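Subject: Handover of a structure and the findings on it

Dear colleague,

Please find below the structure I am handing over to you. The findings follow directly after it, and I would be grateful if you would read them alongside the coordinates.

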Amino acid sequence: YSSNKVEGMIHFDLEKAAFNPELADDLMKTVYPTLVCICAGFTWVDGCESQPAKANLMNNTGPAVVAAAARAHGARTVWYSTDYVFDGGVKGASGPYAETDRPSPLN
C-alpha cells in the first residue's frame, strides 16, 4: 500500500477481505481486471512474529480470497514474494521459483 496515488493502483485491505470475501468480489465487479497483481502484505518481520494471526490474514487468507475472486471473474493473479520467503538462490539459477520450492528466507 502506498499513500501516493498511482494510476492503475487500487488500495485494497487484504485483512478486511479475509473476513469478508464479498469485498474482493465487489472489487472484481467494479474494475473487471484481466490480471490482478498482489504486491502487498504484512512484511514487518517483528510484527509478523508478534501478531501471527494478522500475518496469516494479510499474507495468506486475504490474498487467497482475492485470487479466488479474480479466478471467478476470469482474471489471472500474480502474487509477489520477497527475500522473506526466498533468498534469491534459484536452484540452478536458470529460472523462477516454483510454488513447490522450499522457502529459504534470508533472516
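His-73 is partly exposed, with a relative accessible area of 32%. In this predicted model, His-73 is placed in the loop between α4 and β2 (76-79). Setting aside neighbours within four places in sequence, His-73 is in contact with Asp-25, Met-28 and Lys-29.

As to the overall architecture, the chain has four helices and two strands. Read from the N terminus, the order of the elements is α-α-β-α-α-β. The chain comprises 107 residues, of which 24% count as buried. Among contacts between residues at least 6 apart in sequence, 53% join residues at least 24 apart.

Helix α2 (residues 22-31) and helix α4 (residues 52-72) pack with their axes 9 Å apart and at an angle of about 40°. The arrangement of α2 relative to α4 is therefore oblique, since angles under 35 degrees would count as roughly parallel and those from 65 to 115 as roughly perpendicular. The crossing of these two helices, α2 and α4, is right-handed. On the α2 side, the contact is made by Ala-24, Asp-25 and Met-28; on the α4 side, by Val-65, Val-66, Ala-69 and Ala-70. Of the residues in the contact of α2 with α4, six are nonpolar, none is polar and one is charged.

Ala-69 is in contact with Ala-24, Asp-25 and Met-28, leaving aside its neighbours within four places in sequence. Val-65, which also lies in helix α4, has a relative accessibility of 15% and so counts as buried, the cut-off being under 20%. Not counting residues up to four places away in sequence, Val-65 touches Ala-17, Ala-18, Pro-21 and Ala-24. The C-alpha atoms of Val-65 and Asp-25 are separated by 8.8 Å, the two residues being 40 apart along the chain.

Which residues make up the largest nonpolar core? There are twelve in all: Leu-14, Ala-17, Ala-24, Leu-27, Met-28, Val-36, Ile-38, Val-65, Val-66, Ala-69, Ala-70 and Ala-75. Two or more of these residues come from each of α1 (14-19), α2, β1 (35-38) and α4. The greatest contribution to this core is that of α4, with four residues. In soluble globular proteins, nonpolar side chains tend to be buried together.

Tyr-32 is found in the loop between α2 and β1. Although Tyr-32 is not a glycine, it has a positive phi of about 45°. Most residues other than glycine have a negative phi. With a relative accessible area of 63%, Tyr-32 is exposed, as the cut-off for that class is over 50%.

Yours sincerely

Key: Residues are numbered from 1 along each chain as its sequence is written. This is a predicted model: local features need pLDDT of at least 70, side-chain atom pairs count only at pLDDT 80 or more; totals for chains, interfaces and linings use all residues. Side-chain values use heavy atoms; hydrogens and water are left out. Axes are lines fitted to C-alpha atoms, for helices over the stretch in contact, and angles run from 0 to 180 degrees between N-to-C directions. Angles under 35 degrees count as roughly parallel, over 145 as roughly antiparallel, 65 to 115 as roughly perpendicular and the rest as oblique. A crossing is left-handed if the near helix is turned anticlockwise from the far one by less than a right angle, and right-handed if clockwise. Contact means heavy atoms within 4.5 Å. Ala, Val, Leu, Ile, Met, Phe, Trp, Tyr, Cys and Pro count as nonpolar, Asp, Glu, Lys and Arg as charged, and the others, Gly among them, as polar. A nonpolar core is a set of buried Ala, Val, Leu, Ile, Met, Phe, Trp, Tyr and Cys residues joined through side-chain atoms within 4.5 Å. Buried means under 20% relative accessible area, exposed over 50%, partly exposed in between (1.4 Å probe, protein chains only).
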